[in-house]
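Please open the model in your viewer and keep the sequence at hand.

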Amino acid sequence: MPNLKAAVLTVTPFQQNCAFLWDEGTKDALVIDPGGEVPRILAAIDQLGVRVTKILLTHGHLDHAGGAASLRDALAARTAPEPAPPIEGPDPRDAFLLDGLEDQGAKYGLDDIRNVRPDRWLAEGEVVTLGEHRFDVLHCPGHTPGHIVFINRAAQFAVLGDVLFQGSIGRTDFAYGDHAALIAAIKTKLLTLSDDFVFLCGHGPGSSIGAERAGNPFLR
Ligand SMILES: [Zn+2]
């Protein structure tokens, strides 16, 4: 990925991968799924020496979205009088989850979780940019109704949230889960990418489309 760099910080008791993508030339960065532990995320931003231009959310679960509002506020204090970096995504079908983050956090004893409303909802076919880098938005429901993923075709790189993992797939045992929809989204939208695509996911190590096509037991 010329000039496009990536790093991951694992946050929350759910061991969620908060991802940082940045352009090595401009140092402009995206933060994807800041689920919590915002002071650690801010420290990582400082250590990388990047300037956050957007906060992206793949879906509305608390371990992915619970820290987004606090991160935006913390960055606003740094960038004032310039506006805070906007929060973009997920698809609006996850609005009910974003509205219930504080209730969910309280159930798990997490006091740093805040409800959040994105500045821009994202839908299938829309594009998120980081300077010259383009990320296509694909809607991959099933784990949640409004789950989206980010695909950089030039770099053959993707951030897939809780849709597809190394050797596994996202949970669908929620009232709103839909196993058939998840499998359909993976097969029609992700397995149609080339084997060389590498991806980061919400939990555990990343992988490649080729490796999951060949060995993921949930996709046989
Ligand atoms: Zn999730």
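**Stop one: threonine 58**

Select threonine 58 and display its contacts (heavy atoms within 4.5 Å): leaving aside neighbours within four places in sequence, these are Ile32, Asp33, His64, Pro90, Gly146, His147, Ile148, Phe150 and Gly161. The model is predicted, and local features need pLDDT of at least 70, side-chain atom pairs count only at pLDDT 80 or more, and totals for chains, interfaces and linings use all residues. Residues are numbered from 1 along each chain as its sequence is written, and side-chain values use heavy atoms, with hydrogens and water left out.

Threonine 58 lies in the loop between β4 (51-56) and α2 (62-65); helices (H or I, at least four residues) and strands (E, at least two) are DSSP runs, numbered from the N terminus. Its relative accessible area is 0%, so threonine 58 is buried (under 20% relative accessible area, with exposed over 50% and partly exposed in between; 1.4 Å probe, protein chains only).

Histidine 59, in the loop between β4 and α2, and aspartate 162, in the loop between β9 (157-159) and β10 (164-165), are 103 residues apart and link distant parts of the chain. Histidine 59 counts as buried at 0% relative accessibility, and aspartate 162 counts as buried at 4%.
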